[in-house]
Amino acid sequence: MTTHLALLRGINVSGHNMIKMESLKTTLENIGFQNVTTYIQSGNVFVTTEEENSAKVGFLIKQEIFKAFGHEVPVVVIAKTDLEGCLANNPYLKEKDLDTKKLYVAFVSIGLRNDSINDLKMSQVKPDEAHIDANRIYIKYAVGAGKTRLDQKYIEKKLNVTATIRNWNTVTQLLEMYNAFD
């Protein structure tokens with residue numbers, strides 16, 4: 001059995017794509033997922049299954065959400081090693097006097113080349129900063145996530161990927177939850 005973390009993008013945001021987590025949990029259990037656990041209302045769902053292929057798991061979840069709730073919701077499935085990589089490889093964690101409330105991670109649907117940072121055209125989003133590491137983009141906002149052009153839509157358009165962004169507190173909490181499954 002394999003535990004997967006599915007990050008759902010754009011649910012329960014500003015009254016759009018509303019899904020109660022208890023209903024989502026029941027829906028996913030009804031199609032055979034086990035140990036379905038959600039974290040906060042923004043679409044972080046752990047599932048355990050015999051299916052090892054994360055892309056298949058993501059497709060099943062996306063398909064079932066559409067059938068049950070009528071919402072077309074992008075899903076990015078990540079492994080525990082992705083979250084562990086966040087802690088190990090985030091270059092901004094080395095900075096002195098860092099405000100972790102300005103740190104975010106964009107999880108993308110495919111692995112990126114290190115030179116994909118050029119495609120983000122960072123000069124257009126200054127003073128925000130970003131660093132690419134495989135299927136993660138570490139983001140440090142100068143002011144905050146609500147006052148930037150470097151958001152999920154910008155990333156998706158520039159890199160032609162599906163992306164979903166989580167704040168640093170959520171990333172660390174999700175890793176703690178992943179560890180509890182072991």
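Is D119 buried, exposed or partly exposed? Select D119: with a relative accessible area of 32%, this residue is partly exposed (buried is under 20%, exposed over 50%, partly exposed in between, with a 1.4 Å probe and protein chains only).

The model is predicted, so local features need pLDDT of at least 70 and side-chain atom pairs pLDDT 80 or more, while totals for chains, interfaces and linings use all residues. Residues are numbered from 1 along each chain as its sequence is written, and side-chain values use heavy atoms, without hydrogens and water.

Move to helix α1, residues 21-30 (helices are DSSP runs of H or I, at least four residues; strands are runs of E, at least two; both are numbered from the N terminus). Select K25 and E29, whose side chains form a salt bridge of 4.0 Å, N to O. These two are 4 residues apart in α1, about one helical turn.

Now select T27, also in α1. T27 is buried, at 13% relative accessibility. A polar atom of its side chain lies 2.8 Å from the backbone oxygen of S23. Beyond neighbours within four places in sequence, T27 contacts E64, A68 and F69 (heavy atoms within 4.5 Å).

Finish at I31, in the loop between α1 and β2 (34-39). I31 is partly exposed, at 35%.

Definitions and conventions. A polar contact is a pair of N or O atoms within 3.5 Å; within protein, one must be able to donate a hydrogen and the other to accept it, and residues adjacent in sequence count only if both atoms are side-chain atoms.
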